[in-house]
Amino acid sequence: MTEKKPGSCRILIAKPGLDGHDRGAKYIARALRDEGYEVIYTGIRQTPEAIAATAVQEDVQFVGLSLLSGAHGELFPRVIDLLREQGADDIVVFGGGIIPDEDVPHLKEIGVKAVFGPGSVMKDIVAFIESAR
Amino acid sequence: MSEPIDQAKQRWEQSTLERTLGRFPERREQFTTGSDTPVDRLYLPADLDEQAYLEKIGFPGEYPFTRGVQPTMYRGRLWTMRQYAGFGTALESNLRYRYLLEQGQTGLSVAFDLPTQIGYDSDDPIAAGEVGKVGVAIDSLADMELLFDGIPLDMVSTSMTINAPAAILLAMYLAVAEQQNVPRSELRGTIQNDILKEYIARGTYIFPPEPSMRLITDTFAYCTAEVPEWNTISISGYHIREAGSDAAQEMAFTLADGIEYVRAAIAVGLDVDDFARRLSFFFNSHNDLFEEVAKYRAGRRIWARIMKERFGAGDPRSMMLRFHTQTGGATLTAQQPDNNIVRVAIQALAAVLGGTQSLHTNSREEALSLPTEESVRLALRTQQIIAHESGVAETIDPLAGSYYVEALTDRIEREVLSYLDRIDELGGMIPAITQGYVQREIQEAAYRRQKDIENGRRVVVGVNAHRSEEPSPTGLLRVDPAVAQTQRERIADVRSRRDQQEVERSLRELRAAARSQETNLMPPILSAVKSYATLGEMCRVLRDEFGEYRETIVL
């Protein structure tokens with residue numbers, strides 16, 4: 001694993017869209033907190049506008065988006081656009097949920113830095129965060 | 001008689017067993033069930049409380065129903081094979097239903113998209129990206145007419161996974177039945193209508209607990225009088241388990257929700273034996289076959305006692321835990337998706353051995369997307385093979401009397417009762433939820449489980465063991481992105497053709513009924529539905545009057 005100390009790294013875990021499947025989001029939020037990061041969790045059913053606003057207000061370095069309804073193609077780009085509009089395009093956006101492999105290249109093109117699907121493990125997510133901060 | 005067995009066991013342990021353990025230690029120091037409770041090496045007649053057979057186990061179709069709710073179980077009629085389906089527009093879903101009925105499915109199960117489940121029309125900005133994704137989009141009676149086009153409602157039973165706006169979707173179904181000239185007394189089916197588990201685990205709540213409970217008891221009262229064969233609620237542990245609970249928690253929190261609904265209905269003056277026979281349940285089925293079977297058996301016994309002893313039910317039908325089962329979505333893996341076919345078969349077998357009344361089997365690619373027609377057919381064939389080839393349906397409750405299964409049944413019963421006591425101490429399920437107690441218990445279990453998978457303590461084939469390189473699956477079902485536009489056009493068309501004055505009048509009537517505590521909400525909802533008021537318009541009136549629920553975030 002990595003040598004960097006987690007310390008002072010703020011991460012927003014957010015649930016855009018309308019699906020209530022929060023098991024994964026809550027697990028990631030709690031496990032990242034246990035790893036020593038500062039984690040904010042939005043709760044379910046958040047609009048892209050609310051997520052972008054929280055990300056800016058809370059001055060986070062990362063936003064993790066979790067979505068299981070299949071609306072990632074619409075909602076992930078919306079969050080990224082809103083962050084960009086607010087001059088916060090330095091915030092690293094990553095995602096997870098039920099996301100078919102074939103959708104991943106497009107998501108990466110529009111600026112989602114990594115996608116963690118079912119079966120992902122914390123050490124990969126932590127390694128990603130450490131490499132991207 | 002048990003004395004000699006005890007002695008024999010000691011002798012066996014000290015001789016035969018000891019010799020083997022000395023040379024070949026067991027695979028692990030401690031063995032546990034899927035829910036992480038200890039499993040003994042061997043279960044013996046002493047684990048079977050034969051003295052209490054009549055009191056605890058008894059006979060099928062009789063109190064306390066441990067062996068099943070019907071006297072002949074699957075020898076009389078097989079369980080209903082009911083695949084949950086729906087996506088895109090009403091037209092597309094209608095075609096899928098007709099296909100499933102042609103393939104030998106015996107009941108329909110409607111999946112609605114999230115905007116419908118949360119009471120928003122497809123043209124509401126908040127619905128962006130979600131229209132038609134996880135189920136069918138229904139905005140008004142016009143969509144419901146199309147959804148059941150060519151499907152005679154007196155010939156099928158229909159389950160609808162709808163909660164916060166359940167009364168509205170039920171009213172739409174009644175309106176379609178009326179158009180088909182099918183009398184209400186011949187309608188069979190279920191609305192999920194279980195708001196408490198939405199607060200706990202599933203997330204499609206709209207209103208706060210109090211008005212939500214009123215909507216539910218209003219449907220109980222209305223159906224008791226008007227739609228006597230309709231299951232007015234499907235009290236669901238499925239989503240609680242998906243959120244990460246263990247087997248005993250799933251049963252405990254579901255029965256605790258059930259207790260809350262029964263209390264609420266009695267509190268508004270309903271007689272327990274008038275409504276309780278139409279309560280139904282919905283559970284998950286995971287991979288630990290014996291533990292799952294024990295869960296269903298324990299659940300039946302506990303519910304029967306609750307209804308008889310706590311609520312004074314006299315009609316045996318009020319005491320029966322009748323349930324639908326779906327195999328475990330959270331047990332499916334994105335890796336090596338064909339392995340899921342095997343998991344589903346084991347889980348389906350557990351549900352049948354546990355005496356389910358109906359069953360949905362998941363499809364292999366559901367960790368990745370909605371299933372294709374071909375995968376759904378395979379899932380349905382899995383049930384048909386269990387039904388017709390495995391032989392398990394030919395006798396009743398075949399695992400009864402297994403030392404292990406009876407011991408597990410007793411253990412789950414003890415765990416469930418202990419949770420029910422704790423929830424009573426908290427003042428019932430509503431305070432237990434608003435204080436976050438239930439959510440915290442589930443999350444602790446979910447967190448432990450995921451940690452166990454990550455550190456390899458629990459093996460998931462294809463994920464943390466026996467991995468292989470594989471190409472990404474192709475040919476996944478995609479919902480046509482044009483569905484949102486189609487729905488927007490359909491709503492505009494409905495709005496342009498309906499009698500606007502009648503819509504406004506019926507919405508005013510609905511508002512007045514919502515303000516009054518005395519009026520049953522079903523009749524004004526039905527008249528608003530028939531005026532082609534949209535789901536979103538009706539829910540907006542109710543949102544104004546009832547307010548909206550805010551989640552208690554527990555991390």
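Visitor: Which residues point one way from β10(B), and which the other way?
Guide: This is a predicted model, in which local features need pLDDT of at least 70, side-chain atom pairs count only at pLDDT 80 or more, and totals for chains, interfaces and linings use all residues. Numbering starts from 1 along each chain as its sequence is written, while chains are lettered from A and ligands numbered from 1 in the order in which they are written. In a regular strand, side chains alternate between the two faces of the sheet. From β10(B), one way point B:Leu279, B:Phe281, B:Phe283 and B:Ser285, and the other way B:Ser280, B:Phe282 and B:Asn284.

Visitor: Which residue is the bridge partner of B:Ile235 in β10(B)?
Guide: Strand β9 of chain B, residues 233-236, pairs with β10(B) in the parallel sense over 4 bridges; pairing requires at least two DSSP bridges. In β10(B), the partner of B:Ile235 is B:Phe281.

Visitor: Through which helix does the chain cross from β10(B) to β11(B)?
Guide: The β-α-β crossover is right-handed, that is, with the strands pointing away from the viewer, the path from the first strand over the helix to the second runs clockwise. The connecting element, residues 289-310 of chain B, is helix α12.

Visitor: Which element gives the most to the side of chain B that touches chain A?
Guide: 29 residues of chain A are in contact with 32 residues of chain B, contact being C-beta atoms, placed from the backbone, within 7 Å. On that side of chain B, α4 (114-117) and α17 (437-454) each supply at least two residues. With 5 residues, the element giving the most is α17(B).

Visitor: In what order do the elements of chain A run?
Guide: Chain A has 5 helices and 5 strands, helices being DSSP H or I runs of at least four residues. From the N terminus on, the order is β-α-β-α-β-α-β-α-β-α.

How values were computed:
Contact = placed C-beta atoms within 7 Å. Buried ≥ 20, exposed ≤ 12 C-beta atoms within 10 Å, placed from the backbone.
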